[in-house]
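Trainee: I am new to this structure and would like a close look at a single part. Could you take me through one place slowly, and then through what surrounds it?

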Amino acid sequence: MKILRLVVVLFSVIFSEVVFAQSSLRSEDGQCCLNSSGNTLCEAYRNYWYTGVSVNQWQVEADKSGENSFDVTGHISNDQTSDWSIIVKNFNWVVAENCMKCEVIHPKEGVYDFTLADKFVDKAKAAGLKVLGHCLIWHSQCAPWFHYDDKGNLVSPEVLKKRIREHIYTIVNHFKGRVDAWDVVNEAFEDDGTPRNSLFYQILGTDYIPLAFQYAHEADPSVELYYQDFSMNKAKKVEGVADFFRPLLKQGLPVNAIGMQGHMVLEDNNYIQEYEHAINTIAALGIPTAFTELDLTVLPNPYGFSGANISDKFAYRPEMDPFKNGLTKEKEEEIVQFWVSFYQMLLRHHKDIQRVNFWCLNDAISWRNDFPIKGRTDYATLFDRQNNPKSFIQKLVNLVK
């Protein structure tokens, strides 16, 4: 009996040391694990995956002037001075919502503007947060000059390769040692798993994808490199992406993870099974996945629309905007049940998940207010319009307490 007790004591000590070591390692990866009360998703899940959020330019600048206009419907005011402390407390990874995209950071050939991006990265690193650079190559929000010559014709494959290489080398080198990972290529496939017919594809075929990863790795061999896309819950899409990367990974292409955006619609109800399939499909490649842009719209879905192609828009109709004055109790309960079920699924697959990243901090600044119908009032994020955490967060924390 004494021997049994001794074994139990020794096991308890060893287990405690392992947990302490894991916790200490994760604590170094974000101040949230040091400053939170233990009731944040960052703190609760720090031994399962990283927890991140996107950051907009007003949060970077702690804007309170009231002079800048927002493009998003539903905001309370421009005063976002309180947002940063909430971000630092609740997350250990951050990603820029827009200020690192091509149209902002490389607006003209040979001209780079790192002003906002530097502010974002410096502010995040000063707070002890990890930074994901978003994104190097994307057909949307790409500067207009990128694919054309001075006569308005599409450039040759050789010219585009040179431009891609120079673009990636310049940006990655500028942030070397400050950015921890990059979304190298974004949204390169259609929902049926075939390559997107972007200008990159029209000029270079799919070669631009491995070239982008090659150039990023050459520029900074130490930084992690990711691919990400929307609608990855759709079997054809995730399987198409996996089929494309499988031989490249075997050849040694430096891809550290594949991200799934996760812009979800509450009235659709197959996400649990679909994302389980997606997680398993990516895990079979031998690399982890990440949920990179999670949000949940509670609004009616026009014509069964899916995806996150920002150029897709629908006309406003009052019946498509039923929660102008707040959510019903029934709808709030649906949201709670959805997130609990979703996180239970994530926990089943936590060994294959690197990061769970939410898109936009609160409902006031969420892009879902205006996508795909401008002018609606949505409730898609973790925090309400006054920056109060929503009730389901505690339920998610309790799953692992």
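Mentor: Let us begin with His106, which lies in the loop between helix H6 (102–105) and helix H7 (115–126); helices here are DSSP runs of H or I with at least four residues, strands are runs of E with at least two, and both are numbered from the N terminus. This is a predicted model, in which local features need pLDDT of at least 70 and side-chain atom pairs count only at pLDDT 80 or more, while totals for chains, interfaces and linings use all residues. Residues are numbered from 1 along each chain as its sequence is written, and side-chain values use heavy atoms, with hydrogens and water left out.

His106 counts as buried because its relative accessible area is 0%, where buried means under 20%, exposed over 50% and partly exposed in between, with a 1.4 Å probe and protein chains only. Leaving aside neighbours within four places in sequence, His106 is in contact with Val111, Tyr112, Ala143, Trp145, Phe146, Glu166 and His167, contact meaning heavy atoms within 4.5 Å.

For comparison, consider Lys331, which is found in helix H13 (residues 329–348). Lys331 also counts as buried, because its relative accessibility is 17%. When residues up to four places away in sequence are not counted, Lys331 touches Leu266, Val298 and Phe323.
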